[in-house]
Amino acid sequence: MDDPLLILDGLHKSFGGVAAVRGVSTTLARGEIRGLIGPNGSGKTTLLNLVGGQTRPDRGWVVLAGRSLEGQPPDAIAARGVARTFQLPRVFRHMTVLENLLVVVCADHRRAGWVEARRDAEALLRLVHLDGLAHAEARTLSGGQAMLLQLARCLAQRPLVLCLLDEPFAGVHPGIKERMVQAIHETNRAHGVTFLVVSHEMPTLRRLAGRVSVMHNGAWIADGPLDAVARDPRVIEAYLGRPGPGHGPEEGRAPGRAADGHSGQPRDPA
Ligand SMILES: Nc1ncnc2c1ncn2[C@@H]1O[C@H](COP(=O)(O)OP(=O)(O)OP(=O)(O)O)[C@@H](O)[C@H]1O
Ligand SMILES: [Mg+2]
């Protein structure tokens, strides 16, 4: 791959006796949307944390646009253009939806003044169809709407070269999921932003990601087009604990989701 945006080289992270990420090496192309799947506890969130700087690796390197991120704190990594969302939405609950975006937009000093900041924030709200709730306090949003706001905050960051999305669709109503997919596609198309999307939602990943990677017990066990990955006996075994045809992550939702208490059933109004 020529001049990849992101290189992970031998990344390793243990917590006590648990090797959460074990020697992961891969690359992401500029402008790629990559899916990341794997059973619960396979190390997906830890991998995102290693890229975003929330966790330091024990060994290995993360290289973004040709420069190492070694030793850099999350704010410095964000300033290099890495934005992310979290499995549980992180928003300022007592600020309005618009204010939540203005905090991000105003943090970028290159956006000249208040008028321009507000215009950018409102454009982002329209992109995710939250403009009707601009003046609602974030604490009044449904879980899915809060996820959508979290995505909008992520997309508001400047510079923006890489978005790390941790299960953005989990438990989200299909109508909201659709807005997320469109906003991701639009941002990818219009600005060439690269995405790494952790999800258990195979139909949604099929629409978004040209390639999907699979983690199991901290290791990177497969990657390729979703259909090929879902037929890979190592992937089927990772999900089922035994090899067998026709029972991989492709069978509806990946089985990994059910074990952590999130049913994944839609629960939010569109
Ligand atoms: N801060 C931590 N301290 C101790 N152990 C941790 C910590 N973070 C993660 N782990 C462990 O590392 C392993 C990988 O966890 P991680 O959250 O990265 O998995 P995941 O693939 O994101 O799972 P899920 O699908 O449930 O979100 C698990 O065994 C988890 O218990
Ligand atoms: Mg996780």
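Trainee: Where is E167 found?

Mentor: This is a predicted model. In it, E167 sits in the loop between β7 and α6 (174-191).

Trainee: What is phi of E167 near?

Mentor: Start with the general idea. Most residues other than glycine have a negative phi. E167 is not a glycine, yet its phi is positive, near 50°.

Trainee: Is E167 buried or exposed?

Mentor: Count the C-beta atoms around the residue. A residue is buried if 20 or more others lie within 10 Å. E167 has 24, so E167 is buried.

Trainee: Which loop holds H129, and what is its phi?

Mentor: H129 lies in the loop between α4 (114-127) and α5. Its phi is positive too, about 60°, and H129 is not a glycine. H129 has 18 C-beta neighbours inside 10 Å, so it counts as partly exposed.

Trainee: Which residues does the cis peptide bond join?

Mentor: The general idea again: most peptide bonds are trans. Here a cis bond joins R158 and P159, with omega about -5°. P159 is in the loop between α5 (143-156) and β7 (162-166).

Trainee: Now the ligand. Which residues come nearest to ligand 1?

Mentor: The shell has 14 residues, and F15, A20, K44, T45 and T46 come nearest. Two elements give two or more residues each: β2 (18-28) and α1 (44-52).

Trainee: Which element gives the most to this shell?

Mentor: That is α1, with 3 residues.

Trainee: How many residues of the shell are nonpolar, polar and charged?

Mentor: Sort them by type. The shell around ligand 1 has 9 polar residues, 3 nonpolar and 2 charged.

Key. Residues are numbered from 1 along each chain as its sequence is written. Chains are lettered from A and ligands numbered from 1 in the order in which they are written. This is a predicted model: local features need pLDDT of at least 70, side-chain atom pairs count only at pLDDT 80 or more; totals for chains, interfaces and linings use all residues. A residue is near a molecule or strand if its C-beta atom, placed from the backbone, lies within 6 Å of it. Helices (H or I, at least four residues) and strands (E, at least two) are DSSP runs, numbered from the N terminus. Ala, Val, Leu, Ile, Met, Phe, Trp, Tyr, Cys and Pro count as nonpolar, Asp, Glu, Lys and Arg as charged, and the others, Gly among them, as polar. A residue is buried if 20 or more other C-beta atoms lie within 10 Å of its own, exposed if 12 or fewer, and partly exposed in between; C-beta atoms are placed from the backbone.
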